Structures are given as structure tokens and as C-alpha cells.
Amino acid sequence: MPTISAKATSQSVTTTVTKADHWFNRIDWANIQATVISRAILIAIASVLFFLLNRGGKYLIRRIFSHYENSQLAGSRFATVKMLILNIYGYVIIFFYLYTLLSILGIPVGTLLAGAGIVGIAVGLGAQGFISDIVNGFFIILEGQLDVGDSVKLGDISGTVRAVGLRTTQVVSSDGTLNYIPNRNITIVQNLSRNAMISLVDLPVGGASDSSSIETVVKAVNAKLVPEEQDLIKEPELVGLVPSQWGNLVYQVRLTAKPGTQAAVRARFLTAYVDALQAAGIAVRTAPSTNKAPH
């Protein structure tokens with residue numbers, strides 16, 4: 001019985017090997033090799049072609065906009081439009097590149113895109129958020145809410161706009177942090193670069209201080225600094241003594257500066273005021289100043 005069992009097992013193995021060898025020999029390996037090589041060549045050619053289209057197209061876009069950089073019409077709006085067009089062009093190139101690769105591999109892209117199952121999966125994977133980013137980004141750009149180079153506050157993030165795209169907006173904070181903000185999260189835009197900015201300089205002084213003496217010192221400082229200050233829009237306004245949030249009195253000066261320069265202007269004038277008042281023997285301590293845009 002063991003001899004018969006071993007013989008049967010040997011015959012079974014031989015039959016299996018024969019069938020596998022027969023199936024293996026029926027495969028057209030030459031055709032498969034030719035197909036793989038041809039598709040690899042097509043993918044390489046498509047990759048090089050789209051790489052050249054991407055580089056060449058972006059070069060032409062930058063070249064076109066470079067003609068306007070030195071004109072009087074050029075500014076943040078041109079920079080914003082340029083970044084937007086580069087952004088859209090990049091997305092278009094990526095889309096057609098992926099479409100071409102799938103077509104070369106023999107995948108029916110059109111059928112997949114038309115299938116309700118694929119659409120449902122795309123929506124489930126976050127297409128709704130993506131569409132929301134694009135729609136909100138389109139209206140941000142269309143309405144001119146912000147441009148490249150503007151000083152803005154978007155929610156809890158403050159800084160300078162680096163790029164405005166259809167999906168995200170890039171803002172560089174004062175410490176150098178680059179923030180990528182999805183456009184759907186931008187609900188309130190506080191643009192600090194559109195209107196003339198007012199800085200209120202508060203000079204807390206002692207109760208026994210003479211307001212006329214303070215005014216004399218402030219006027220002397222203004223007479224010296226104003227002719228040298230390029231960022232002031234108009235002469236500083238002497239508001240006078242006003243109550244502060246701490247309950248004491250402060251001598252207030254209103255400075256109107258160009259958009260984006262108000263902090264630096266306030267710092268220069270505040271430093272000069274404090275130094276001059278201390279030199280005149282008038283006790284003074286620094287206090288926070290507030291910035292706001294005139295209505």
C-alpha cells in the first residue's frame with residue numbers, strides 16, 4: 001500500500017508540473033515584453049513632454065508679467081494675478097499628465113469618472129472641501145480682498161500675504177513662519193494695507209505734569225521728525241490729555257501713516273517723545289498703543 005500511494009503521488013505531481021509547464025508555454029512572453037517596453041517608453045516621453053510644458057509655460061507667464069513690473073500700473077494686484085495663473089496652470093498640467101498616464105496604462109479614465117461609485121468615493125475623500133476652497137478662493141481674488149504683499153489678519157494669523165491660490169492662501173508671520181490657510185477657513189479678512197492707518201501714541205505722565213510743557217516738547221519733536229519721515233500721510237495731531245484704561249491721564253498724539261508702516265512710525269515717534277520728555281525733566285512711562293484704520 002505505501003508503494004502504491006507513493007506512485008500515485010508521483011504521478012499527480014508529474015501531471016501538475018506538466019499542466020503548469022503547458023500553461024506557462026502558452027503565455028506570449030514576447031508580446032508582454034514588447035507591451036511593457038512600449039508603455040514605459042510612452043510614459044517616459046509623456047513625462048518629459050509635460051515637464052517641458054510645465055517649465056516652458058510658467059516661464060512664458062513670468063516673462064509676460066515681467067513687462068509690467070516696472071510700470072506704474074504694476075503692484076500687488078499684478079503679483080496676485082501672476083501667482084493665481086501660475087497656480088491654475090500647474091493644476092491643469094498635473095491633471096492632464098495623470099490622465100495621459102492612466103490612458104497609456106489602458107485604464108478607462110472616462111468610464112471611471114462617469115461612474116457614480118467613483119464620484120461618491122471622491123466626495124467621501126474630501127472633494128466637497130476642495131470645491132469649497134476653490135469657490136471661496138475665487139471670490140477672494142475676484143473681490144480683491146487681499147493681494148500679495150498686503151499686511152493682513154486672517155482669524156488668529158497675522159502677517160504678510162505671500163501667495164493667493166484657488167485652494168490655499170500663504171501668509172508669512174512676523175517671526176518668519178509660513179502659514180498655509182485653506183480658503184474655506186477664511187471667513188473674515190482684516191486687510192491692514194488698504195487704508196491709511198492711525199496709530200495712537202499714549203504718553204502716560206505724572207499727575208503734577210504740566211500739559212503745556214508736554215505739548216511744547218511734543219511739538220519740538222514733531223518739527224524735527226516730520227520733515228524726515230517719508231511714511232507719514234499728514235501732520236501729527238495733538239489730542240491732549242485723555243483718560244487711559246488704567247485710570248490715570250495720558251497725553252495722546254494721533255499719527256496717520258501709510259498702510260503697513262504704522263508700527264514702525266509709531267515706534268520712532270514714541271522713542272523720540274520719551275527721550276525728549278525725560279531730557280526736559282518730565283516723568284513719563286511707556287504704554288501700549290493701538291492701531292486702527294479710519295472709517
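1. D133 counts as buried, because its relative accessibility is 3% and the cut-off for buried is under 20%. Keep in mind that this is a predicted model.

2. D133 has a charged partner. It forms a salt bridge with R184, with the closest N and O atoms 2.5 Å apart. D133 sits in helix α5 (residues 116-142) and R184 in the loop between β4 and β5, so the pair ties together parts 51 residues apart in sequence. R184 counts as partly exposed, at 41% relative accessibility.

3. The structure holds 6 salt bridges. Another one joins E229 and R268, at 2.8 Å from N to O. E229 lies in the loop between α6 (211-225) and β7 (237-243), and R268 lies in helix α7, so this pair ties together parts 39 residues apart in sequence. E229 is buried, at 14% relative accessibility. R268 is partly exposed, at 38%.

4. R268 also forms a salt bridge with D231, the closest N and O atoms being 3.6 Å apart. These two are 37 residues apart in the chain.

5. Now helix α7 itself. Its 18 residues (262-279) should span 26 Å at 1.5 Å a residue, and the end C-alpha atoms are 26 Å apart, which agrees. Its buried residues include V265, F269, L270 and L277. Just after α7, G281 takes a positive phi of about 85 degrees.

6. Last, the sheet. 5 strands form an open, antiparallel sheet in the order β4-β3-β2-β1-β5. Its edge strands are β4 (178-182) and β5 (189-191), each pairing on one side only. Strands β1 (residues 151-154) and β2 (residues 157-164) pair over 4 bridges. The bridge partner of V152 is G159 in β2.

Note on methods:
Residues numbered from 1 in each chain as written. Predicted model: local features only at pLDDT ≥ 70, side-chain atom pairs only at ≥ 80, totals over all residues. Heavy atoms only, no water. Expected span 1.5 Å × (residues − 1). Buried < 20%, exposed > 50% of the residue type's maximum accessible area, 1.4 Å probe, protein only. Pairing = 2+ DSSP bridges. Salt bridge = Lys/Arg side-chain N within 4 Å of Asp/Glu carboxyl O.
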